[in-house]
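I opened the notebook to record a few look-ups in this model. The entries follow the order in which I made them.

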Amino acid sequence: MSDTAAPTTAKDLRTGPGRLLVAVYGVFALAATARGTYQLATGFEEAPLAYLLSVFAGAVYLVAAVGLARAGRTSRRVALVSCTVEMVGVLVVGAASLFLPEVFPEDTVWSGFGSGYFFVPLVLPALGLWWILRIHRLDQG
Amino acid sequence: MVDWLTMTIQMVSLAMAGWCLVSTFRDRPMLVPHLVGMGILWLLVIGQAVATGITMAGGDRPAETAMFVSYLATVVLLPPACAVWGFMERTKWGPAVIAFACLILPVLFVRLEQLWNPVV
């Protein structure tokens, strides 16, 4: 697929493929936050770390969605940082759930590298980072 | 929940997803017919939500009511939110947003049905 965005609009994170990224991030923000909040409210004692992590992941997705959806350099940096946090999060938690299953007895969005969500949590930050860096390069060049 | 309405919503949603994917690959932006399709889908979802709300008001509630209601609110809000977000984009990525939303919607309905009628 070729990118059809005009050079003037290509500098904006929220246009073109970014439009789809924001939508996916929005849905994931909602899913992770709602899941985490519900789990925290109903059974905090069972697995506090896993549930807090779900809420944290939801918050990061939300920040990333807003960062991607807003134009400007500051929001681009916000999106870059939050996507990096996600990438690190999904890799660390994915590895931890694999090798130290007792740390995360309950599933989170990032457990098993996001296997419960068709590995979307693993692909999403990679796509996000690619998109932000691409826009950044277009802006500089 | 009305079973046949859920089935219809899932079918219409998948059809919309297919249509929007075709538009994306043909490099077309979102047009008025897409919006009309999303409007019809949204009406079906609202119909299901209202019917379910009436059943719940009658005392027939799922075990995990809070979870169920939050899912129900999500499926009602998802089609219009994505329709607006996709329509703002005047490239092929507009229909791509709708296709994504229309692929998520049937999954959410599977989850809703599970919560409504848990298999023991």
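Predicted model: local features only at pLDDT ≥ 70, side-chain atom pairs only at ≥ 80, totals over all residues.

Entry 1, helix H1 of chain B. I looked up its extent and found residues 3–25. I then checked its length: at 1.5 Å a residue, the 23 residues should span 33 Å, and the end C-alpha atoms are 33 Å apart, so the two agree.

I listed the buried residues, among them Leu5(B), Ile9(B), Ser13(B), Met16(B), Cys20(B) and Thr24(B). An α-helix has 3.6 residues a turn, so positions three or four places apart point the same way. I looked for the packing partners of the buried residues of H1(B) and found H2 and helix H4 (93–116) of chain B.

Is Thr52(B) buried or exposed? I count Thr52(B) as buried because its relative accessible area is 0%, the cut-off being under 20%. Leaving out residues up to four places away in sequence, I found that Thr52(B) touches Met1(B), Phe68(B), Leu72(B) and Trp116(B).

The unreviewed UniProt entry annotates "transmembrane region" over residues 20–38, 50–71, 78–100 and 112–133 of chain A. I checked two of these spans. Residues 20–38 of chain A are 100% helix and 0% strand, with end C-alpha atoms 27 Å apart. Residues 78–100 of chain A are 96% helix and 0% strand, and there the end C-alpha atoms lie 31 Å apart.

Technical notes. Residues numbered from 1 in each chain as written. Chains lettered and ligands numbered in written order. Heavy atoms only, no water. Buried < 20%, exposed > 50% of the residue type's maximum accessible area, 1.4 Å probe, protein only. Contact = heavy atoms within 4.5 Å. UniProt positions renumbered as here; feature names shortened; annotations may be inferred. Helix = DSSP H or I, 4+ residues; strand = E, 2+ residues; numbered from the N terminus. Expected span 1.5 Å × (residues − 1).
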